Amino acid sequence: MIWLWLSAAFMVTTAIVHGVLGEKRLIQPLMILDQGVMGVDLARKVFRLAWHALSLLMLVSAASVVWPGTPRELILLIGAAWTATGLFDAIYTRGRHIGWPFLTASGVFALLGAA
């Protein structure tokens with residue numbers, strides 16, 4: 001059970017960092033741009049919404065892995081998805097994105113907890 005709580009803790013930390021740093025370092029600078037797709041008000045709103053919706057879904061994942069009675073298969077699916085996302089991120093960004101270790105660890109801990 002400790003692995004699932006570690007997984008959830010990493011997921012919550014990832015969600016908070018994603019929401020706060022993403023808003024400051026990515027969203028706000030992009031909102032200054034007024035050209036191309038960022039010149040379209042709806043696109044700007046949807047982009048910000050999607051960014052923060054992803055953070056919310058990270059929190060839902062965290063709750064799911066520690067929720068009493070969550071099916072083992074669902075925890076395995078969540079763990080596999082987080083692990084795959086983290087590893088893809090590491091390869092795709094050549095390790096330069098700060099999130100890949102946290103994404104990967106969140107998934108691995110979920111997989112260990114479900115085992």
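1. Asp 41 is partly exposed, because its relative accessible area is 46%, where buried means under 20% relative accessible area, exposed over 50% and partly exposed in between, computed with a 1.4 Å probe on protein chains only. Its side chain meets that of Lys 45 in a salt bridge, at 3.3 Å from N to O; the term stands for a side-chain nitrogen of Lys or Arg within 4 Å of a carboxyl oxygen of Asp or Glu. Both Asp 41 and Lys 45 lie in helix α2, 4 residues apart, which is about one turn of the helix, and Lys 45 counts as exposed at 53% relative accessibility.

2. A word on the basis of these values. This is a predicted model, in which local features need pLDDT of at least 70 and side-chain atom pairs count only at pLDDT 80 or more, while totals for chains, interfaces and linings use all residues. Residues are numbered from 1 along each chain as its sequence is written, and side-chain values use heavy atoms, with hydrogens and water left out.

3. On the overall architecture, the protein has 4 helices and 0 strands, and read along the sequence it follows the pattern α-α-α-α; helices (H or I, at least four residues) and strands (E, at least two) are DSSP runs, numbered from the N terminus. The C-alpha atoms fill a box of roughly 50 × 30 × 20 Å along the principal axes. Of the 115 residues, 35% are buried. Among contacts between residues at least 6 apart in sequence, 67% join residues at least 24 apart, contact meaning heavy atoms within 4.5 Å.

4. The structure holds 2 salt bridges, and besides the pair in point 1 there is one between Arg 48 and Glu 23, whose closest N and O atoms are 2.6 Å apart. Arg 48 lies in helix α2 and Glu 23 in helix α1, so this pair ties together parts that are 25 residues apart in sequence. Glu 23 is buried, with a relative accessible area of 16%, whereas Arg 48 counts as partly exposed at 30% relative accessibility.

5. The largest nonpolar core has 14 residues, and those with the most contacts inside it are Met 11, Val 65, Ile 75 and Trp 82. Such a core is a set of buried Ala, Val, Leu, Ile, Met, Phe, Trp, Tyr and Cys residues joined through side-chain atoms within 4.5 Å. The elements that give two or more residues to this core are α1 (2-32), α2, α3 and α4 (100-114). In soluble globular proteins, nonpolar side chains tend to be buried together. Leaving aside residues up to four places away in sequence, Met 11 touches Met 58, Ser 61, Ala 62, Val 65, Ile 78, Trp 82 and Ser 106.

6. The aromatic residues deserve a separate look. The count comes to 4 aromatic pairs, under a rule by which rings of Phe, Tyr and Trp (its six-membered ring) pair if their centres lie within 6.5 Å, planes under 30 degrees apart counting as stacked, over 60 as edge-to-face and the rest as tilted. Phe 10 and Phe 109 form an edge-to-face pair, 5.1 Å centre to centre with 80° between the planes. Since Phe 10 lies in helix α1 and Phe 109 in helix α4, the pair ties together parts that are 99 residues apart in sequence. Phe 10 counts as partly exposed at 26% relative accessibility, and Phe 109 counts as buried at 16%. Ring pairs link Trp 3, Phe 10, Phe 102 and Phe 109 into a cluster.

7. Thr 70 is placed in the loop between α2 (41-66) and α3 (72-92), and it is buried, with a relative accessible area of 15%. A polar atom of the Thr 70 side chain lies 2.9 Å from the backbone oxygen of Trp 67. Not counting residues up to four places away in sequence, Thr 70 touches Ser 64 and Ile 75.

8. The loop between α3 and α4 holds Arg 94, which has a positive phi of about 55° although it is not a glycine. Most residues other than glycine have a negative phi, and most peptide bonds are trans. Arg 94 is exposed, with a relative accessible area of 72%.

Conventions: A polar contact is a pair of N or O atoms within 3.5 Å; within protein, one must be able to donate a hydrogen and the other to accept it, and residues adjacent in sequence count only if both atoms are side-chain atoms.
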